[in-house]
Amino acid sequence: MCGIVGLFLKDKALEPHLGQLLTDMLITMTDRGPDSAGIAIYSGAGEGRAKITVQSTNPTHDFKDLDEDLKNAIGPPVLMLEKDTHAVLEVPLDQLDAARSALAHLRPGLKVMSAGESIEIFKEVGLPRDVAARFGLAKMHGTHGIGHTRMATESAVTTMGAHPFSTGSDQCLVHNGSLSNHNSVRRDLKRAGMTFETENDTEVAAAFISHKLNEGSTLGNAMGATLTDLDGFFTFVVGTRNGFGVVRDPIACKPAVMAETDQYVAFGSEYRAMVGLPGIETARIWEPEPATVYFWER
Amino acid sequence: MQTFDLEAMGLRALNATLHGLKGQTNQTAWEIVNPKGAHAIAAGVDAPVDITVRGSTGYYCAGMNKLATIRVKGSAGPGVAENMMSGTVIVDGDASQYAGATGRGGLLVIKGNASSRCGISMKGIDIVVHGNIGHMSCFMAQTGNMVVLGDAGDALGDSLYEARLFVRGSVKSLGADCVEKELRPEHIALLTDLLKRGEAEGKAKPSEFKRYGSARKLYTFNVDNAAAY
């Protein structure tokens with residue numbers, strides 16, 4: 001069991017409240033996943049800028065002068081915002097790859113949680129309420145976001161085993177369920193050049209979709225391919241820089257509820273995750289069909 | 001009318017109060033406000049009372065219901081009226097997966113659509129769905145009646161025993177050992193009664209339904225059927 005929440009805003013007026021709305025949804029899903037929690041939030045960056053979210057088990061050491069060191073390596077401007085065990089580094093978009101390479105040398109212990117023009121990912125072990133407070137999730141703004149509360153099944157309860165997983169620029173995926181053929185799919189993807197941080201099944205699903213997108217698939221087609229190539233139980237919620245998608249396996253035993261109004265599209269593992277959303281009383285509410293891809297793009 | 005604010009009073013207090021109603025009681029009408037998708041609302045009630053839930057519910061609403069009439073003025077989460085013994089449960093909106101699962105008796109009415117596995121392993125319950133039902137509905141259903149005014153999804157009635165299934169719309173596919181059967185006068189009479197009690201009178205005519213039942217080929221293991229198990 002795990003809990004998933006997601007919110008894709010259509011109304012700009014709600015963007016300052018995205019973090020608060022998602023935090024409330026996430027905490028409501030604590031019963032479904034008290035082991036760890038995470039959130040991917042799409043909040044954009046300045047024109048020509050990109051963001052890298054990094055995580056450290058020793059932030060006082062790793063984050064000390066990190067912005068200065070990175071600036072010396074790739075050139076200015078580099079901005080850094082520390083949030084507990086994570087830090088968001090803002091760099092010139094054309095220096096994104098250079099920055100990632102430099103980080104690997106400057107601070108080999110750092111883990112890259114996400115990179116791209118809009119995405120930031122924060123995840124840690126612990127109760128969702130505590131994780132949200134550590135990162136100040138409620139104060140974050142953005143256009144869309146996805147959260148996950150984890151009850152671990154396939155791999156250990158660690159920071160890197162928490163969701164969301166990001167395996168491509170501005171991409172992320174969260175999962176409720178378990179995959180049974182992830183080892184063989186991981187081998188195929190490794191041969192195709194994808195890299196993996198964990199032994200986790202969900203990371204394979206994320207990398208599978210990233211690989212399809214790299215090959216030129218649309219988001220819809222990449223998500224649809226999970227239905228034929230991945231074996232197991234899944235409800236996936238996927239985020240891209242400008243998109244938000246949902247797909248469930250054909251058996252569809254992992255719950256999913258969606259709500260749509262003029263202001264947003266929302267996802268919850270259960271309806272109760274969405275009861276605090278504005279206008280939920282009159283929203284169109286439905287259960288996504290099995291083996292059917294849903295996605296919204298701006 | 002007794003009004004119970006679930007948000008203010010909490011689920012344990014609600015269900016303890018409802019479980020305290022035994023046999024004849026003067027508190028026969030209950031209203032539950034602020035359900036907000038909570039789980040196990042009015043599960044295990046065992047008294048002839050009327051309960052109205054003003055909003056949508058989470059898992060297992062009205063589970064194991066005995067004698068009570070429970071109406072959900074919203075949609076219901078997974079397992080509504082699971083293992084109901086008797087009484088009536090009416091959902092004004094949609095129902096999530098395995099509505100009425102393993103139900104032993106009583107009547108479950110869903111005025112919207114029901115999701116997958118509706119009536120799975122039903123054992124005597126009657127279920128009337130005004131809309132559609134999802135895949136694997138009535139899997140291993142043993143007795144009772146399923147009436148669907150809309151369409152049925154994949155694998156309807158897979159490994160069916162003696163439950164009777166009536167579908168007015170299309171059936172995407174029939175499960176193993178489920179076959180269409182003749183609609184006889186006694187089934188018309190049964191449908192007339194169930195449509196009336198299921199608040200669907202005037203929405204559909206009994207003659208518009210097709211009946212599905214067990215071909216009775218999978219009751220006992222037969223090696224020739226191995227591929228179908």
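## Exercises: domains, a buried valine and a chain contact

Chain A splits into domain 1 (2-44 + 118-297) and domain 2 (46-117). The model is predicted.

**Exercise 1.** Describe the contact between domain 1 of chain A and domain 2 of chain A.

*Solution.* 
- Start with the centres. Over C-alpha atoms, those of domain 1 of chain A and domain 2 of chain A are separated by 24 Å.
- Count each side. Domain 1 of chain A gives 19 residues to the contact, and domain 2 of chain A gives 14 residues.
- Find the elements. On the side of domain 1 of chain A, strand E7 (119-125) and helix H5 (128-135) of chain A each give two or more residues.
- Pick the largest share. E7(A) supplies it, with six residues.
- Sort by class. This side of domain 1 of chain A has seven nonpolar, five polar and seven charged residues.

**Exercise 2.** Is A:Val78 buried or exposed, and why?

*Solution.* 
- Locate the residue. A:Val78 sits in the loop between helix H3 (66-74) and strand E4 (79-83) of chain A.
- Apply the cut-off. A residue is buried if 20 or more other C-beta atoms lie within 10 Å of its own.
- Conclude. A:Val78 is buried because 22 other C-beta atoms lie within 10 Å.
- List its partners. Leaving out residues up to four places away in sequence, A:Val78 touches A:Asp67, A:Leu70, A:Lys71, A:Leu89 and A:Val91.

**Exercise 3.** How many residues of chain B are in contact with chain A?

*Solution.* 
- Count both sides. In chain B, 12 residues contact nine residues of chain A.
- Sort the chain B side. Two residues are nonpolar, nine polar and one charged.
- Chain B has domain 1 (1-96) and domain 2 (115-229), with C-alpha centres 27 Å apart.

Methods
Residues numbered from 1 in each chain as written. Chains lettered and ligands numbered in written order. Predicted model: local features only at pLDDT ≥ 70, side-chain atom pairs only at ≥ 80, totals over all residues. Domains from an automatic or database assignment. Helix = DSSP H or I, 4+ residues; strand = E, 2+ residues; numbered from the N terminus. Buried ≥ 20, exposed ≤ 12 C-beta atoms within 10 Å, placed from the backbone. Contact = placed C-beta atoms within 7 Å. Nonpolar A, V, L, I, M, F, W, Y, C, P; charged D, E, K, R; others polar.
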